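Reader: Could we go through this structure together? I would like to begin with a sheet and then turn to the backbone angles.
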Amino acid sequence: MKARSASMSMAVDSNDLQSALAEKGLAISISPEKGRCLIAKRSFTRGEIVLLQDPYVSVLDSASVNKRCDVCFRLCTNLKRCSVCKTTWYCGGTCQRNGWRLHQHECKAITSLKEEKQQTPTPSLQLMLRLLIKRKLQNAGFSCNAHTICDSELRPMGTGLYPVISIINHSCFPNAVLLFEGRQAVVRAVEPIREGSELTVSYIEIAASTASRKKSLKEQYFFDCKCLRCLKVDTPDGLHEDAILEGFRCSSDHCEGFLLHDPDDAQSLVCQLCGCGRNEEETKKQARKVDKLGKEASKLLSSGNYSEARSLYEQIQQLQTQLWHPYSVILLRTGDTLLKICMELYDWKQALKYCRLTIPAYERAYPTCHPMMGLQYYACGKLEWFLENTLEALNFFEKAAKILTVTHGRNSEFLTQLFDRIQEAHAEAAHLRPRYDDNED
Ligand SMILES: [Zn+2]
Ligand SMILES: [Zn+2]
Ligand SMILES: [Zn+2]
Ligand SMILES: [Zn+2]
């Protein structure tokens, strides 16, 4: 969902920061295991904004540079380009003026780079350049990771440095969520947060088994997660959860039991519901074959060969259905890929089929109030609406709104759009219902 790279570590000017945070009901504390933590000094309700921060510096991705304003990150159809460097785009005079303090220095550097080397700087180089300029202007030091800035649907659009946001530690069962409005970072509580508890967000995709989560955290952030969810890895509960998220299915066709190692036979997995056995080595071998096909399919997909990619992914899905637990994230991801491919091919009917198919696995893999869950309900609703299934659409829109109100905020542009759709669907449904009643007579 978001990538942070460990980088640029400097000292924090902690006095200013502590008093700014105290006003917001927050404080930094130092824990022996985790280092800095952000602590709630009052309670926060679900959906309440905990923290807002504009980036210290930010930069758009290459793909977004000429689609979004460099300063406010809004999508805009008539952007104006800086007439000197011709690489930075603005939605209008206000943003250009606001960006000028930084850009006047950067502009010269970009122009000379273009003249000497005939190239424009990459986003990461530009981010470094902006950081250097800003530090020179403000003479300030700070410690910070780079955050990927995403739009409301969690698609990456740029990178920014958010010194305060990066104090928030990770949990695999977080009580807050970090999203962006334009380039402003917004942290909202997704659970009621009690005074004295630590604020946490998740740095990684949390729909994954404990082993996979630990691996990504170790590789990307260099720490061992000790959150409650990770600590229960060897308890019956933890084993159960992992055996569903990334475990094999029961060899009996209609059984939805999960498998654990047979205590009497290390080679064998046993269904905890019906007792059927399954040879582990054999199953792993089959899984590796399917993985190979997956690599081929992903190549087809990235080369834009959607039709061929679709038939290969359909084949993969068939094979995976025989291997993995029906609620596994492995099947969930294949379903999502097929959904995206069908959207590219404008095949709304099939897209809806895959979207619906992923819903039970989403509900199992994500906490009730997670942006990914809300967005998937929303996607399903839009497809139902498009295919004129008004009542189904309304049902999904309302489920989406319940979650996205908390994660994105009731007053955000994104939610306003969703509420408009709900209203439209309500009007349409009211018009439909009498007809249903007629049929019943
Ligand atoms: Zn702008
Ligand atoms: Zn310029
Ligand atoms: Zn964890
Ligand atoms: Zn079974």
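Author: What follows concerns a predicted model, taken up topic by topic.

Reader: In what order do the strands of the open sheet of three run?

Author: The order is 14-15-16, and the pairing is antiparallel. Strand 14 (259–262) and strand 16 (277–279) are the edge strands, each pairing on one side only.

Reader: By how much are neighbouring strands turned against each other?

Author: On average by 40°, with direction ignored.

Reader: And how many bridges join strand 15 and strand 16?

Author: Strand 15, residues 265–271, pairs with strand 16 over three bridges, in the antiparallel sense. Within this region, Leu269 stands opposite Arg278 of strand 16.

Reader: Which helix lies across these two strands?

Author: Helix 7, residues 280–302, lies across strand 15 and strand 16. Its direction makes an angle of about 60° with strand 16.

Reader: Turning to the backbone: what is phi of Leu154?

Author: Phi of Leu154 is positive, near 65°, and the residue is not a glycine. Leu154 belongs to the loop between strand 8 (146–150) and strand 9 (156–161).

Reader: Why does Leu154 count as partly exposed?

Author: Because Leu154 has 14 C-beta neighbours inside 10 Å; a residue is exposed at 12 or fewer and buried at 20 or more.

Reader: Where is Phe222 placed?

Author: Phe222 sits in the loop between helix 4 (210–221) and helix 5 (228–231). Phe222 has a positive phi as well, of about 60°, although it is not a glycine.

Reader: Is Phe222 buried or exposed?

Author: Phe222 is exposed, because 8 other C-beta atoms lie within 10 Å.

Note on methods:
Residues numbered from 1 in each chain as written. Chains lettered and ligands numbered in written order. Predicted model: local features only at pLDDT ≥ 70, side-chain atom pairs only at ≥ 80, totals over all residues. Pairing = 2+ DSSP bridges. Helix = DSSP H or I, 4+ residues; strand = E, 2+ residues; numbered from the N terminus. Axes fitted to C-alpha atoms, helices over the stretch in contact; angles between N-to-C directions. Contact = placed C-beta atoms within 7 Å.
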